[in-house]
Amino acid sequence: MKELEKTLLELFRQLHAHPELGFEERASTAAIREILVREGVEILDSGLETGLVARITGALPGPVIGLRSDIDALPIQEETNLPYASEVPGRMHACGHDAHAAIMLGAAILLHRHRDRLRGSVKLVFQPAEENSYGALRVLGTGMLDDAALFLAVHTYPAFPAGVLGIKEGPVMAAVDRFEIHIRGRGSHAAHPHKGVDPVVIQAAIVLGAQSIVSRALDPFAPVVVSITHARSGNTWNVIPETAYLEGTVRTLDPAARATVRTRLDALVQQTALAYGAEAELAWHPGPPAVLNDPGLCGEARAVARELGFRVDRQEDTLGGEDFSYFLQDRPGIFIRVGSGGDYPSHHPRFTVDPAAIYPAAEYFAQLAERLLNKGA
């Protein structure tokens, strides 16, 4: 086993055994920092409390590109029985961020060792708090990445085995929005519903009516999900409550569809409540926009993959979200899936990553970054 491969696997297992939630990744950051310092990689003074930004400066002037990984875990109790399983109750790396960190650390070390071949610089982002969608904005707010011309990101992919990469042009992750609906009726005894305004009936009407937005207000070929996932009202069997509450999420790939859903849902909520003699309000909490892969970068990514012996496949469509999209608001980029095997999907308590995927992926991202730099990004 190569020395660097051993280092990456040790880091992967260390992070997996000691998972930390978003903005709590102090030990994870320290472990990554220690290896980078030992290798002589420059760490920028970003002011981040968790996570970090490192830089490899090439021998010749040129553009700056960013390589992004994330390092936070999830509030899930692990059930894998791995020898390096989580030692923290209720915490688990169930989305592969431990592997992402190891992959990009390996890419950083390889690029640093071959910096005499680089025309430009590479900034490595070890981002905190992807799972709560606030980490990317925190990192971008430091200004450390303002000079980056493009970004590359990694994500494990259990649908493919190690040795396969998922690369797809256009939208690959959805815009993620959260909404809350507050309904105010008038409470009464359950035996006398005519003396009140029942918010539970309004709640039910909104739940059913929301599905018509997708089926009747949008193009059938536009991927859209409106999911109401949390309903609350009342606290006993014989009282019609005063208020009711709904919460859910909207997932879209197209900005126009995103705007339409918000407008139609707001109208549905207000008009339904009005029809029943009540009041209701929609609170919309916008999250990350859709991740859009640049077609030109996809072509370069495929070429490097094939040169290194990877099989390239088209990753499946998904309406899952990713805050990597914030990096791509005014610059191109590509979100690449690395086949990681396993029998369970991300966010499952038995999710695993095949360690054999880590070192080849590190080589791949180092080679891709070098090619893009030397082509002038």
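**Exercise 1. Determine which residues line the largest cavity, and how they divide by class.**

Solution. Begin with the lining itself: Lys168, Pro171, Val172, Met173, Leu253, Gln315, Glu316, Asp317 and Thr318 surround the largest cavity, where a cavity is a set of points, on a 1 Å grid over the protein atoms alone, at which a 1.4 Å probe fits but cannot get out, and a lining residue has an atom within 4 Å of a point. The model is predicted, with local features requiring pLDDT of at least 70 and side-chain atom pairs pLDDT 80 or more, whereas totals for chains, interfaces and linings use all residues. Residues are numbered from 1 along each chain as its sequence is written, and side-chain values use heavy atoms, leaving out hydrogens and water.

Next, sort this lining by class: four residues are nonpolar, two polar and three charged, with Ala, Val, Leu, Ile, Met, Phe, Trp, Tyr, Cys and Pro counted as nonpolar, Asp, Glu, Lys and Arg as charged, and the others, Gly among them, as polar. Finally, consider the space: the largest cavity holds about 30 Å³, a volume being the space filled by probe spheres set on grid points that are joined across faces, edges and corners.

**Exercise 2. Describe the largest pocket by its volume, its central residues and the strands that line it.**

Solution. The largest share, four residues, belongs to S12. By class, the lining has 12 nonpolar, 13 polar and 10 charged residues.

**Exercise 3. Work out the strand order of the open eight-stranded sheet, and identify its edges.**

Solution. The order reads S1-S2-S4-S3-S5-S16-S6-S15, with mixed pairing, and two strands pair if DSSP finds at least two bridges between them. At the edges are S1 (42–43) and S15 (311–313), each of which pairs on one side only. Within the sheet, S3 (residues 60–70) and S4 (residues 119–127) run parallel over eight bridges, and isoleucine 65 has valine 122 of S4 as its bridge partner.

Notes:
On a 1 Å grid over the protein atoms alone, a cavity is a set of points where a 1.4 Å probe fits but cannot get out, and a pocket is an open set with protein on both sides within 12 Å along at least five of seven lines; lining residues have an atom within 4 Å of a point. Helices (H or I, at least four residues) and strands (E, at least two) are DSSP runs, numbered from the N terminus.
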